[in-house]
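Here is a short briefing for a reader who has not seen this structure before.

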Amino acid sequence: MVELTIVGRVRDGLALAEGPRYLNQENENFSSFYKQQAEFILKEISIGALAPPKMIIRADHHSFHYLMENGICFITLCDSSYPKKLAFHFLQDLQEEFHKFDNSLIDKITRPYSFVKFESIIGNIRKLYIDTRTQANLSKLNAKRQQDLDIVFEDMSQIVERRRNSEIYERMLMSSHEPVSIWGSRRLEGIALKWTPITIVVFVAAVLIWASLVLSDTLII
């Protein structure tokens, strides 16, 4: 069953529209968790971390399917038993409908999920894929296509781990390029910056007092 669908722009990872959510409606937190994962996938695609034009990402007892064409990514979440052929047919139907809209309209969108015109289209197309045993869907399942052999599989845990390692590596690179303080550590540098001006003021004041005392002794003599 198609349970969650998001359409997003690849160049900046902006989510443009989403379809109705049918995933565990009694637990909104559970549903939001998978939505966040879909948004994470979209961001990974936008930065080039996920390069294949189509992919299946396994997540617990579900699978994300995505299709990327003409700068737009279509992502849907299905339970693990749902036929992957139908999931990609669903995404292909969305792609065909989406590209009937003017590209200039899509480029002007700046707020997430503000392309509300497409939400009802997602819902209407989804209805065609609820029952996998309809004649139309059985025909799609029985058709042999070369494209079905080109799908890449990966686990969500692997993608998350790769992103985490990448962020750790980036932080290490940033820290290695930071200028080395003459004090040897940021803590000592902070202490020095705090107390050095005070020390200078005290020293100058002491010199002035000493000079004034010497001068007064000289005048007395």
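**Interior**

Phenylalanine 98 is in contact (heavy atoms within 4.5 Å) with Val7, Leu16, Ile72, Phe74, Ile106, Phe115 and Phe118, leaving aside its neighbours within four places in sequence. This is a predicted model, in which local features need pLDDT of at least 70 and side-chain atom pairs count only at pLDDT 80 or more, while totals for chains, interfaces and linings use all residues. Residues are numbered from 1 along each chain as its sequence is written, and side-chain values use heavy atoms, with hydrogens and water left out.

*Nonpolar cores*

- A nonpolar core is a set of buried Ala, Val, Leu, Ile, Met, Phe, Trp, Tyr and Cys residues joined through side-chain atoms within 4.5 Å; buried means under 20% relative accessible area, exposed over 50%, and partly exposed in between (1.4 Å probe, protein chains only).
- The largest nonpolar core has 27 residues, and Leu16, Phe90, Leu94, Phe98, Phe115 and Phe118 have the most contacts inside it.
- At least two residues of this core come from each of β1 (2-9), β2 (15-18), β5 (72-79), α2 (84-98) and α4 (117-127); helices (H or I, at least four residues) and strands (E, at least two) are DSSP runs, numbered from the N terminus.
- With seven residues, α2 gives the most to this core.
- A second, separate core has 22 residues, including Leu42, Ile45, Ala59 and Tyr66.

*Cysteines*

- Cysteine 73 is buried, at 0% relative accessible area, and cysteine 78 is also buried, at 0%.
- A disulfide is a pair of cysteine sulfur atoms within 2.5 Å, and by this rule the count is zero.

*Surface*

- Leucine 208 lies in helix α7 (residues 186-220) and is exposed, with a relative accessible area of 57%.
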